[in-house]
Amino acid sequence: MLKHHKWKLFFVGMGANCVLLAGLAIADIKFWSEINWLDVLSEGGAAGLALVWLLLILHSRPAGRVTQFLSLGLSCVFIAGFQDCLDEFLRFPEASRWDHWVESGLMPIGLMLLTLGIYHWHKEQLSITEQLRKREQLFREHRGLDFTTNLNGADYLRKQLTQTLAAQDQATTTLALLLIDVDNFSEINRRYGHQQGDHLLQALGELILLNIRRQDLLCRYAGDRFALVLPNTGRLVAETIAREISAAVNNFAYKTHAQGESVFHSVSIGIALSNPEHNSMDNPAMLIERATLALLSSKEKRNHTIACAA
Amino acid sequence: MIAVINSTLSAARSTAEHYAPKPYYEIDTAFIAAQHWPLALIELALSRGVEEHKLLRGTGIFCEDIARNNLQLSPQQCFQLIHNVQKHSAQPDLSFLLGHRLLLDNTEAATVILANAHSLQDALDTLIAHPQLLSPFIAPRLSYEQNRLVIYWQDACGADSAQIFLLEMMATALSSLSRWQTGTSLPWQFYFTHSAPAYIEQYQVHLHTQCYSNSKVQFNAPVNAMAIERSHLHLPWKKSNPELATNARTAMTLNAPAMQQGFLAETYNYLHNNIQHAPNLEQTAADFSMSSASFKRKLKKHYSHFQAQYDLVRRDLAIKWLNQGGWTHEQVAQELHFYDAANLRRAFKKWTGKLPQAMAPLD
């Protein structure tokens, strides 16, 4: 990412350099005894951290308005801090005022720009959150993100269920958990290779996302098993959604990369509902277990792809 | 170097039923074909975003070498590779994914014979016959107990921190193969000495285990093992290709690799079979044709020591004898060369965390 921002970094470096050269040109260097090392440490540290933030932001963000504000703001903060730190080593003549201007003028400007940047970042984040809505809710944890499907994993699901079940406590409605298992997935892996298997999982994840409501949450449980959380959903609606997902998958013609041939699939789905009367007794592990049991029984029947456990 | 023991010399020195050590391989013996599962692991890790230089750091493996010739790796290199994978990949499912393809996507002759066996029994017999080709790091040991067959897994050559990865891989490999061949998931039971990991869902999905369905997984178990009812051993495997198996057998006899065990596995065999002679370090070292100091050094190289191996054998025998019933603690203590039953109980508690009387059969 950093190579997109080399001009920004160049100007920050130039700015710091100019401040240093101008300082050296007009000011005298202080004696060792005059230097206050605590000030050097705190002011230098603040400038250093501003630089670290700048680098992290530039490294993680594509160019754009928000990046522009953030990097400009942090650059000003850094240069002001740098000048502040330089003060500790150089004795500026009383007559010169510009060093004060660099120090005290740039800092508020920088902080204003930074605030503006963070405000727009907040706007941007809201719209990204909206895009991620069916993939994450309530909280964000990038460490559990699955590499293949870009969905959250089982750990996230358990945490999410804990929170949702607790929130569900007052409500009278139930929460539905669907476990969706791809039939004969190992066969596909074996015939077309594992790369194809991974692509298929990714595609199926997207397909399921298209078929669920705004408030629903899809996670990848493990292997070829997806987990779908349907808040405030009763048995009938859950079964309808399960049937719709199953139908969508049945009609999805996945094209292999090598031959471009169509491969069709089916899924088995197990449904578990939380208990509205005894929500406090429901924990994520039990709910997942009930859904798994329903899934296994639907797999055994084979002709019925959906099974529901109360 | 594979140390070949002159068995006739050892045999002459010992009594008739004395078990003489057989040839073995060590942690630094290079004999594992790199283009089979090590390559599969490397490809898998690379496809999951692990960088190549991080993946191969400290292994002495170079990707170009694997493609170019019949590169052979030592267990040590493989353990380091697994260690790197665990360190740099956030996904805990690589061992399971590798297990799925270990026996089915492999062109190595021994694997082809195993995957195209005519029944589970046949497949397991192949596994036992070629441990150095099929499971070189954790040695399988078959034991027929009442109405079921138990496969015990034992560290063959100092796997250390790679052990859990290897156990997950082999358990998945065997259950995945049997599932593919029979078309249903067989009611395997799994026992692991490690405690339940955070990624328990991987065990559920890849090993098809659920707490109250017919297939179970038990953590913090006294042994690493998997078990199945004997009735499943002889069901015909329909997807096997006998022709492939025959061809592979011919290829195998041409190369004729001698049956070998890892150094720790062979030490275990020796101690297990000579338990009635109350084996000690000096005698064992002499039978392995080396000095006590060399034998100790070799054990240390495999992250073990004599007492640990001896206790492992005695633990397994104690569990076996107590489980089969009809033996008093005094008898077991005597057979295992304990001073008395109280000492046996104390040792047993140390090994398994339980007293012998609390030791229920694996279930």
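Me: Which residue is the bridge partner of B:Ile151 in strand 8 of chain B?

Reply: B:Met226. B:Met226 is also the bridge partner of B:Phe190. On another strand, B:Leu142 stands opposite B:Ile151. This is a predicted model, in which local features need pLDDT of at least 70, side-chain atom pairs count only at pLDDT 80 or more, and totals for chains, interfaces and linings use all residues. Residues are numbered from 1 along each chain as its sequence is written, while chains are lettered from A and ligands numbered from 1 in the order in which they are written.

Me: How do you know that strand 5 of chain B pairs with strand 8 of chain B?

Reply: Count the bridges. Strands (DSSP E runs of at least two residues, just as helices are H or I runs of at least four, numbered from the N terminus) pair if DSSP finds at least two bridges between them. Five bridges join strand 5 to strand 8 of chain B, antiparallel. Strand 6 (residues 189-191) of chain B has three bridges to strand 8, also antiparallel. Strand 4 of chain B has eight to strand 5 (residues 148-155), again antiparallel. Each count meets the cut-off, so these strands pair.

Me: What makes strand 4 of chain B an edge strand?

Reply: Look at the order first. The open sheet of five strands in chain B runs 4-5-8-6-7, with mixed pairing. Strand 4 (138-145) and strand 7 (216-218) of chain B each pair on one side only, which makes them the edges. From one strand to the next, the twist averages 15°.

Me: Why is strand 8 of chain B called mostly covered?

Reply: Strand 8 (residues 225-229) of chain B has four buried residues out of five. Buried means 20 or more other C-beta atoms within 10 Å of the residue's own; 12 or fewer is exposed, and in between is partly exposed, with C-beta atoms placed from the backbone.

Me: Why is B:Ala278 called exposed, and B:Ser289 partly exposed?

Reply: B:Ala278 has 10 other C-beta atoms within 10 Å, so it is exposed. B:Ser289 has 17, so it is partly exposed. B:Ala278 lies in the loop between helix 13 (263-273) and helix 14 (281-287) of chain B. B:Ser289 is in the loop between helix 14 and helix 15 (292-301) of chain B. Neither is a glycine, yet phi is positive: about 45° for B:Ala278 and near 60° for B:Ser289.

Me: Why are helix 6 and helix 7 of chain A called oblique to each other?

Reply: Their axes pack at about 135°, 6 Å apart. Under 35 degrees is roughly parallel, over 145 roughly antiparallel, 65 to 115 roughly perpendicular, and the rest oblique. The pair is therefore oblique. A:Phe185, A:Ile188, A:Asn189 and A:Tyr192 in helix 6 of chain A meet A:His194, A:Gln196, A:Gly197 and A:Leu200 in helix 7 of chain A. These residues divide into four nonpolar, four polar and no charged.

Me: What makes residues of chain A and chain B count as touching?

Reply: Their C-beta atoms, placed from the backbone, must lie within 7 Å. The contact takes 16 residues from chain A and 21 from chain B. Helix 9 of chain A gives the largest share of chain A's side, four residues.

Terms used:
Two residues are in contact if their C-beta atoms, placed from the backbone, lie within 7 Å. Axes are lines fitted to C-alpha atoms, for helices over the stretch in contact, and angles run from 0 to 180 degrees between N-to-C directions. Ala, Val, Leu, Ile, Met, Phe, Trp, Tyr, Cys and Pro count as nonpolar, Asp, Glu, Lys and Arg as charged, and the others, Gly among them, as polar.
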